[in-house]
Amino acid sequence: MNQQTISNTLTVIHNRKSVRNFTGESVTQDQLEILLKAAMAAPSAVNCQPWEFIVVTDRKTLDTLADALPFAKMLFKSGAAIIVCGIPAKAHKQMAEYAVIDSTLASENILLAAEALGLGAIWTAAYPYPDRMESVRSILNIPSDVIPLNVVPVGHPTGEDKPKKKFDPKKIHSETW
Ligand SMILES: Cc1cc2nc3c(=O)[nH]c(=O)nc-3n(C[C@H](O)[C@H](O)[C@H](O)COP(=O)(O)O)c2cc1C
């Protein structure tokens, strides 16, 4: 990896932020494909890739999700949403924990890829709340053995949301706790 690639990667990591303010502009199929390719490039335990994704661009469905989820009102203005689903039956040792861990890594890749494209995105929770998971399951016809991990609204940022300063040297232990 050359110096330019390294600094681009770090710039994207440090500029990523949860975007809650969208312009309402739509997201193209090409952009969504880039996000999904990034998602599926994530690591997973024993490379099981226990994830599947629902892409929603239909305005009515986005609004229905926004109505149902208490902390995902930004869906009213997002151009799309990706619902990241964990599949315990496909995870290492069929463990739900691995389905959640691996799908979380795929989700972070979506958030980073959105930043890299100049788009905005945010993790809004379905898992681990039974009521929110049930809402997402029933709106999107997700089978009961599939975990709807989150709903990730994607759109064009207004620019209001900024990255937070989080680096804290006190959280680093040297050699022992
Ligand atoms: C597991 C998880 C659940 C989250 N759920 C929500 C949510 O339901 N609604 C929301 O507005 N933000 C949600 N967030 C976003 C966090 O609030 C956000 O990541 C955090 O405040 C740090 O800000 P940053 O992403 O801009 O760095 C969630 C993030 C994670 C990782």
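**View 1. The largest nonpolar core of the predicted model.** In this predicted model, the largest nonpolar core comprises 40 residues, and those with the most contacts inside it are Ala 81, Ile 110, Ala 121, Val 151, Val 152 and Val 154. At least two residues of this core come from each of H2, S1, helix H3 (59-68), S2, H4 and S5, and the largest share, seven residues, is supplied by H4. When neighbours within four places in sequence are left aside, Ile 110 is in contact with Leu 35, Ala 38, Ala 39, Ile 82, Ala 121 and Val 152.

**View 2. Strand S5 and its pairing partners.** Strand S5 (residues 147-155) is largely enclosed by the rest of the structure, because nine of its nine residues are buried. Strand S2 (residues 80-86) pairs with S5 in the antiparallel sense over seven bridges, and within this pairing Ile 83 stands opposite Val 151 of S5. Strand S3 (residues 120-121) also pairs with S5 in the antiparallel sense, over two bridges, with Ala 121 placed opposite Val 154. Strand S4 (residues 124-125) runs antiparallel to S5 and is joined to it by two bridges; here Thr 124 stands opposite Val 151. Val 151 of S5 therefore faces Ile 83 and Thr 124, and Val 151 is also listed among the core residues with the most contacts.

View 3. Ala 39 belongs to helix H2 (residues 29-40) and counts as buried, because 22 C-beta neighbours lie inside 10 Å, the cut-off for a buried residue being 20 or more. Leaving aside its neighbours within four places in sequence, Ala 39 is in contact with Phe 53, Ala 106, Asn 109 and Ile 110. The C-alpha atom of Ala 39 is separated by 9.5 Å from that of Leu 112, a residue 73 positions away along the chain.

**View 4. Ser 26 in the loop between H1 and H2.** The loop that connects helix H1 (3-15) and H2 contains Ser 26, which counts as partly exposed because it has 14 C-beta neighbours inside 10 Å. Between the C-alpha atoms of Ser 26 and Ile 110, which are 84 residues apart along the chain, the separation is 17 Å.

**View 5. Residues around the ligand.** The shell that surrounds the ligand consists of Lys 17, Ser 18, Arg 20, Phe 71, Ala 72, Ile 122, Trp 123, Thr 124, Ala 125 and Lys 164. By class, this shell has five nonpolar, two polar and three charged residues. Thr 124, one of the residues around the ligand, is also the residue that stands opposite Val 151 in S5.

View 6. Tyr 127 and Pro 128 are joined by a cis peptide bond, for which omega is about 5°. Pro 128 is placed in the loop between S4 and helix H5 (130-140).

**View 7. Two loop residues with positive phi.** Val 46, a residue other than glycine, has a positive phi near 55° and lies in the loop between H2 and strand S1 (51-56). Val 46 counts as exposed, because its C-beta neighbours inside 10 Å number 11. Lys 93, likewise not a glycine, has a positive phi of about 55°, and its place is in the loop between S2 and helix H4 (96-116). Lys 93 counts as exposed because it has 10 C-beta neighbours inside 10 Å.

**View 8. The protein chain as the setting for the close-ups.** The protein chain contains five helices and five strands, and from the N terminus on its elements follow the order α-α-β-α-β-α-β-β-α-β. The radius of gyration of the protein chain is 17 Å, which agrees with the value near 16 Å that a compact globule of 177 residues would have. Along its principal axes, the C-alpha trace of the protein chain spans about 45 × 45 × 30 Å. Buried residues account for 33% of the 177 residues. Among contacts in the protein chain with a separation of 6 or more, 77% are made by residues 24 or more positions apart.

Definitions and conventions. Residues numbered from 1 in each chain as written. Predicted model: local features only at pLDDT ≥ 70, side-chain atom pairs only at ≥ 80, totals over all residues. Buried ≥ 20, exposed ≤ 12 C-beta atoms within 10 Å, placed from the backbone. Helix = DSSP H or I, 4+ residues; strand = E, 2+ residues; numbered from the N terminus. Pairing = 2+ DSSP bridges. Contact = placed C-beta atoms within 7 Å. Rg over C-alpha atoms; globule rule 2.2 N^0.38 Å. Near = placed C-beta within 6 Å. Nonpolar A, V, L, I, M, F, W, Y, C, P; charged D, E, K, R; others polar. Core = buried A, V, L, I, M, F, W, Y, C linked by C-beta atoms within 7 Å.
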